[in-house]
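Please read the points below with the coordinates open beside you.

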Amino acid sequence: MSEMSFTSTRRPSPVRLLRAYPDSAVGLLGSVMLTVGSYGLADVPRNDATLENLGLAPMTYGHGKTLAGIAFWLGAALMMIAWVRIGRDRESMSLRATSTTVLVWAAPLMFAIPVFSRDVYAYLGQAAALAGGFDPYNDGPAHVPGPIVDSMAQIWAPTTSPYSPAFMLLARGVVAVTGQNVFAGVFVFRIVLLPGLLLALWAVPRIAAHFGASRRTGVWLALLNPLLLVYLVGGPHGEMLLMGVLAAGVMLVLDGRHVWGLAVLGAAVSLKVTAGVMVPFVVWIWLDHLRRERAVSTRDRIGVFAATAAIPAAVFGAFTLILGLGLGWLNGLAFANRIINPFTIPNLAAHLISLLAAPFHTFNLHTVLGVTRPIGQAVMVVALVWLWWRGRATERTAMMYMCWAMFAVLLLEPSTLPWYYTWVTVLVVAFTLPMWARQVIVGVSVYLLIVFQPDDSILFYKPVESLIAVALGVLAAVSLRRPDPLRLRRFDALLRGRG
């Protein structure tokens, strides 16, 4: 089937897509295998008889768990291989085919056991506390014991919610439908978050086209990446909704619909406050649009500044009033400090200081973090102000420094997790990244998919496993430029010659 058959206005059917593009079929097979493997390897709900009633309990132990692990990791490998191959041959697959592939790969993950973290159980637990008459900003999920709390990472059971009011309203709606049925709650949560993926599929190619970048590469980079797709859909995580709302808000602003764009960005802040980092850059985009029409007056500047601050604040305030719990979410933000992975600069610095000083003096890691994290936050504040001011020249510079601002947050905040990178990937599609940058993204994606394990554990502190993850990440990065970096075809030809 020719490429021309996918240039119509209709989205290609999955069957036609898989026949025309073998790499899409390989990735789908990987997604199915990963989903099946998740039933033995991922975070199965606890004190719940669903798997036993379905006859799937043997997958969670013994030989069943071993086979599930093989299926999971082979599936992850197939998805990564297909993703790299699609990214390497940038002309063979159309935008529509690439976008359809995102949905095709995501479909099986809708039915996976939550993988790589138990955050979705925390969402349900905090919503159950809210539905039970408690204030989740002051009372932890442990106040409503049951299968949901049993399934959570117990470190979070007594902690309060850090999530913004719109997200808590959505979560309460899910629990109102599913109650303490954990399996149903996870599935309904995925349905509630899925519009974020659809919004991103609408906005990402438009952001890329607005700045003259490849729409198809943007979708490949930001949405087809198996690391983010598995985390967002298979997780699932609130970032699946957040990334779509963010991208849609930015696209509306770029399109000149500034008020609507700011309202949507206000909704994004109401889902997660980190989205507020993007809002100040709208000032420069709006003023640049005005400059194209006429001379900008002081009154214009004051009006743009006021509107940029007031509209998102009004949207956030409306959701806060509807929820009726005030600004209690501030109480939960500090609990993120309990995550001490070395994937931010302050955390990495604390790990290195403790390690290098060990022969001479024993430092408690938490004591060192008490120094490095405040320094990191101070540097982050200064960096954000500087980046905002640097972005004042044009719409393009504002967009560029908005990306750098989100990246600075990821590097300097107290904790960062892999799915947080959706905050910047849906924006960086505006620019044509050089090959080395795309290779770095591929390599880091493979590395993070390995060191973060599907059962919510982490391999970073195991040297052998970490080196294997690094080696596979480098191999994937090289493969984006070279089709056969290990020269396997030459070895195959040698074997055939001997036969």
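This is a predicted model: local features need pLDDT of at least 70, side-chain atom pairs count only at pLDDT 80 or more; totals for chains, interfaces and linings use all residues.

1. Residues are numbered from 1 along each chain as its sequence is written, and side-chain values use heavy atoms, with hydrogens and water left out.

2. The largest nonpolar core has 152 residues, and those touching the most other members are Trp105, Phe189, Ile207, Leu223, Val250, Met399 and Leu427. A nonpolar core here is a set of buried Ala, Val, Leu, Ile, Met, Phe, Trp, Tyr and Cys residues joined through side-chain atoms within 4.5 Å. Buried means under 20% relative accessible area, exposed over 50%, and partly exposed in between, with a 1.4 Å probe and protein chains only.

3. How many cavities of 30 Å³ or more does the structure hold? There is 1, and the largest cavity has a volume of about 40 Å³. On a 1 Å grid over the protein atoms alone, a cavity is a set of points where a 1.4 Å probe fits but cannot get out, a pocket is an open set with protein on both sides within 12 Å along at least five of seven lines, and lining residues have an atom within 4 Å of a point. Grid points are joined across faces, edges and corners, and a volume is the space filled by probe spheres set on the points.

4. The lining of the largest cavity consists of Leu197, Ala222, Leu223, Leu228, Leu229, Leu232, Val233, Met240 and Met243, which divide into 9 nonpolar, no polar and no charged residues. For this division Ala, Val, Leu, Ile, Met, Phe, Trp, Tyr, Cys and Pro count as nonpolar, Asp, Glu, Lys and Arg as charged, and the others, Gly among them, as polar. Helix H11 (226-234) and helix H12 (239-254) each supply at least two lining residues, and H11 gives the largest share, 4 residues. Helices (H or I, at least four residues) and strands (E, at least two) are DSSP runs, numbered from the N terminus.

5. The second largest pocket holds about 980 Å³ of space. Of the 33 residues that line this pocket, the closest to its centre are Phe407, Tyr421, Val424, Val440 and Ile441. Two or more lining residues come from each of H11, helix H17 (345-357), helix H19 (395-412), helix H20 (422-428) and helix H21 (435-451), and H21 gives the most, with 8 residues. The lining divides into 28 nonpolar, 5 polar and no charged residues.

6. Two backbone details deserve a check. Most residues other than glycine have a negative phi, and most peptide bonds are trans. The peptide bond from Gly235 to Pro236 is cis, with omega near -20°, and Pro236 is found in the loop between H11 and H12. Phe116, although not a glycine, has a positive phi of about 75°; Phe116 lies in the loop between helix H5 (95-109) and helix H6 (119-131) and is buried, with a relative accessible area of 2%.

7. The count of aromatic pairs comes to 21, where rings of Phe, Tyr and Trp (its six-membered ring) pair if their centres lie within 6.5 Å, and planes under 30 degrees apart count as stacked, over 60 as edge-to-face and the rest as tilted. Phe111 and Phe187 form a stacked pair, 5.5 Å centre to centre with 25° between the planes. Phe111 lies in the loop between H5 and H6 and Phe187 in helix H9 (residues 182-210), so the pair ties together parts that are 76 residues apart in sequence. The rings of Tyr420 and Trp423 are also stacked, because their centres are 4.8 Å apart and their planes at 10°. Phe72, Trp73, Phe116, Tyr231, Trp419, Tyr420 and Trp423 form one aromatic cluster.

8. Ser24, in helix H2 (residues 22-41), is buried at 0% relative accessible area and is in contact with Leu17, Leu18, Ile86, Met93, Thr101 and Trp105, neighbours within four places left aside. Arg396, in helix H19, is partly exposed at 40% and touches Phe211 and Phe431, not counting residues up to four places away in sequence.

Conventions
Contact means heavy atoms within 4.5 Å.
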